[in-house]
Amino acid sequence: MFKNKHIVIALIVAPILALLAYFGVDNLVSEKPHKAIEGETYPLVAKSNCRYTSGKCTFQNGNFELNIYIENGKTLIVSSPFPLSEVEASLLDNQGNTSKLYFVQDTDQGTQWSQKIISDITPESIIRLVTIASKSIYYGESEMAFIDYETGFNEDFKREN
């Protein structure tokens, strides 16, 4: 089989052509990264830590990133390495009820925002988050499965209310 020079050349050239085709098509078809434009809206993708009990949910679009987590079982925190000018969210429970959350700025730089939880949250609850950074609007959605319910989150909530 390897005595035929055509087969040997084909075995060498085929992988090279496959790699060139793969990167060539990617270069022609893929979206080119660009700076966020003022006034435009950009979707945030919920990373994999939002789907399991990690204690934190990360939303990302390019290099823009937001982290959401519960502090002391009663305060929802949104943090970002970038300064945010406004943060709002809504919680949708499994009965279809929606509660709106208005976050308060915790740091002078606008990198951390908090909101006291006013409703009971379950793993099936959905959070829809909207934020403004550098006059661009970012939005995302995720289930609240990332909250560690074993630490007594619901019991802390019920004791306070």
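This is a predicted model: local features need pLDDT of at least 70, side-chain atom pairs count only at pLDDT 80 or more; totals for chains, interfaces and linings use all residues.

Residues are numbered from 1 along each chain as its sequence is written, and side-chain values use heavy atoms, with hydrogens and water left out.

Q: Why is the contact of E88 with K100 called a salt bridge?
A: A salt bridge is a side-chain nitrogen of Lys or Arg within 4 Å of a carboxyl oxygen of Asp or Glu. The closest N and O atoms of E88 and K100 are 3.6 Å apart, so the pair qualifies. E88 lies in strand β6 (residues 86-92) and K100 in strand β7 (residues 98-102), 12 residues apart. Strands here are DSSP runs of E, at least two residues, numbered from the N terminus.

Q: Are E88 and R128 buried, partly exposed or exposed?
A: Buried means under 20% relative accessible area, exposed over 50%, partly exposed in between (1.4 Å probe, protein chains only). E88 has 23%, so E88 is partly exposed. R128 has 37% and is partly exposed.

Q: How are K100 and E141 classed by relative accessibility?
A: K100 has 47% and counts as partly exposed. E141 has 45% and is partly exposed too.

Q: How do you know which strands are the edges of the sheet?
A: Two strands pair if DSSP finds at least two bridges between them. The open sheet has five strands in the order β1-β11-β10-β6-β7, with mixed pairing. β1 (41-43) and β7 each pair on one side only, and these are the edge strands.

Q: In what sense do β6 and β7 pair?
A: Antiparallel, over five bridges. The bridge partner of S90 is K100, in β7.

Q: What makes the phi of S134 and of K135 worth a look?
A: Most residues other than glycine have a negative phi. S134 has a positive phi of about 50 degrees although it is not a glycine. K135 has a positive phi near 60 degrees. S134 is in the loop between β10 and β11, and K135 is in that loop too.

Q: Why is S134 called exposed, and why K135?
A: S134 has a relative accessible area of 62%, so S134 is exposed. K135 has 58%, so K135 is exposed.

Note on methods. Helices (H or I, at least four residues) and strands (E, at least two) are DSSP runs, numbered from the N terminus.
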